Amino acid sequence: MKLKNAFLEKYRSDQIWLAEWIFAIATGLLVFASTAYVDMISLTVWSTNVWDVIMDSNIRHLYEFSAQNIYHVQHQYMGSELLSVLPWSIWNIPIWIIQRFFGKPIVDSPLMLAYAKSFLVVLSVVTVIYTKKITYFLTGDRAKSMMAAFLTTSSIYIYITVCYAGQNDILMITASVIGIYCMIRNKRVAFIVWSTLAIAIKPFFLLAFLAVIMLYEKKIWRILMKAAFCSVGLVLQKLLFKGAPMYEESMTLGPSTNMLKQMFPANVNTSFGGVSFFAMSLVVIYLYVYTRDFNRESPVKDTKYFGEFVIYTVTLTYFCYVLLSPFSYYRLAVIIPFFYITMVQKSNLLFYNIALDTLMSAGLLMKLVMRGSSLFKLKSVNNSLIQGALGYKVDYTKTDYFESLYALAVEKNELIEFFQPLFAGVACVCGVLIVFFNHPDKETKLKVGEDKNWRLLLWIRTALIIPCVILILYMFTHTSSANYVDYRIF
């Protein structure tokens, strides 16, 4: 009886248990160990190419050397700027040394690829630390700050972007989170510096940066000056490689240019021409934040209130991006951790926020799987730690089994493919409701369920990705042995 009462007391508390942290971390490790996504392999090779060209010639030959693709990665052209891989390059010096001086290619070693991906995990930890700092500064509540940190850690967006895909978006996210922390602490020079770094890594943060600046800066020339200054990192990188061999071709043919081209799709035709909903939303957001009653003194005089609006502004901007603009499945991570810092602000909405986030996460996960994206494909298990430990590699092009969860699901029930709008609709409305309910100026009072316990939802939310990973590993181990070739972990 005492044991039951002790459990119920903990179950009903507002604290995150140690066991829940262990569960969230174990889930991340399972995803981490089960995949070596092709983009991560390409990014790792590009990051170590930096040291090869420095040793053999100079940095201006980076794009030319990468285009030679001597390690036969899936992407021939390095279609991003230097800073998108440079911090990773420093981390990857040990595996570059093994490759360069001991003749062991990184692409053939699951262990070295896992070491490279672990850098992104470290950055995720830094992001979680600053999530906790920001939330505590705004709320003064340790339980809320721990909740925001846990929601970020256990988010499928972290699991998919970092642990599964090994994408370098987390470099930009980490720099931007530190920058926003500096902003709400009224450290404006540090905010500009970190924002400049984030934009130089990937320019997506420029959209949210402009919205934050407009909150307190009302003179147009100052807004333009700060936007121009924070773009200097991008400009300097382009100047560094101006005229460099294969630079222009790589930037044109690489993946980053295509992503930027698709950012503002023509969602509807008008007499003006095609109109982008995302472009329209940015105009509305910028007008809205510009007309808020803040000024240059607000970060000092209205610290908490201003900080709440800063976080909400970034959340709103990024949510409109993922909702209204085409994105690769791993780019969903841009909404973290701001989405979760916003969610924990109002105690009376915590149950509903977690419920809506769980439904949104589940809906997006199902939509991503069902749209036939590169998520949960058999080939991504190759070169992973689990594949290396098993001692063999699968030729997924000749498999007698299914090459992806999508193929398996459609084979079992072809009707499930037609439920994509259902999954997308659930995710969309849940995200919109979270953004609507949690506006800093809105006092939402729900008549039922404000005091309901959210812990079971927290467990479900953390475990959403586990069945997908287990199933793809089952498929990997049940492919015909005729398609297996010997392959070692190191």
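Colleague: What volume does the largest cavity have?

Modeller: This is a predicted model. Its largest cavity has a volume of about 50 Å³. The structure holds 2 cavities of 30 Å³ or more.

Colleague: How do you know which residues line the largest cavity?

Modeller: A lining residue has an atom within 4 Å of a cavity point. V45, W46, N49, F65, S66, N69, I70, Y71 and V73 line the largest cavity. Helix α3 gives the most, with 3 residues. By class, the lining has 6 nonpolar, 3 polar and no charged residues.

Colleague: And what volume has the second largest cavity?

Modeller: About 40 Å³. Here α7 supplies the largest share of the lining, 4 residues. The classes are 8 nonpolar, 3 polar and 1 charged.

Colleague: Why is F102 called exposed?

Modeller: Exposed means over 50% relative accessible area. F102 has 66%, so F102 is exposed. F102 sits in helix α6.

Colleague: What makes R100 and D56 a salt bridge?

Modeller: The cut-off is 4 Å between a side-chain nitrogen of Lys or Arg and a carboxyl oxygen of Asp or Glu. The closest N and O atoms of R100 and D56 are 2.6 Å apart, so the pair counts. R100 is in helix α6 and D56 in helix α3, 44 residues apart.

Colleague: Why does E217 count as buried?

Modeller: Buried means under 20%. E217 has 1% relative accessibility, so E217 is buried. Its salt-bridge partner R222 is at 3.6 Å, closest N to O. R222 has 24%, so R222 counts as partly exposed. E217, R222, K226 and R296 are linked in a network of salt bridges.

Colleague: What does the salt bridge of E20 and R455 tie together?

Modeller: Their side chains meet at 2.9 Å, N to O. E20 lies in helix α2 and R455 in helix α25, so the pair ties together parts 435 residues apart in sequence. Both E20 and R455 are buried.

Colleague: How many salt bridges does the whole structure have?

Modeller: The search finds 11.

Key: Residues are numbered from 1 along each chain as its sequence is written. This is a predicted model: local features need pLDDT of at least 70, side-chain atom pairs count only at pLDDT 80 or more; totals for chains, interfaces and linings use all residues. Side-chain values use heavy atoms; hydrogens and water are left out. On a 1 Å grid over the protein atoms alone, a cavity is a set of points where a 1.4 Å probe fits but cannot get out, and a pocket is an open set with protein on both sides within 12 Å along at least five of seven lines; lining residues have an atom within 4 Å of a point. Grid points are joined across faces, edges and corners, and a volume is the space filled by probe spheres set on the points. Helices (H or I, at least four residues) and strands (E, at least two) are DSSP runs, numbered from the N terminus. Ala, Val, Leu, Ile, Met, Phe, Trp, Tyr, Cys and Pro count as nonpolar, Asp, Glu, Lys and Arg as charged, and the others, Gly among them, as polar. Buried means under 20% relative accessible area, exposed over 50%, partly exposed in between (1.4 Å probe, protein chains only).
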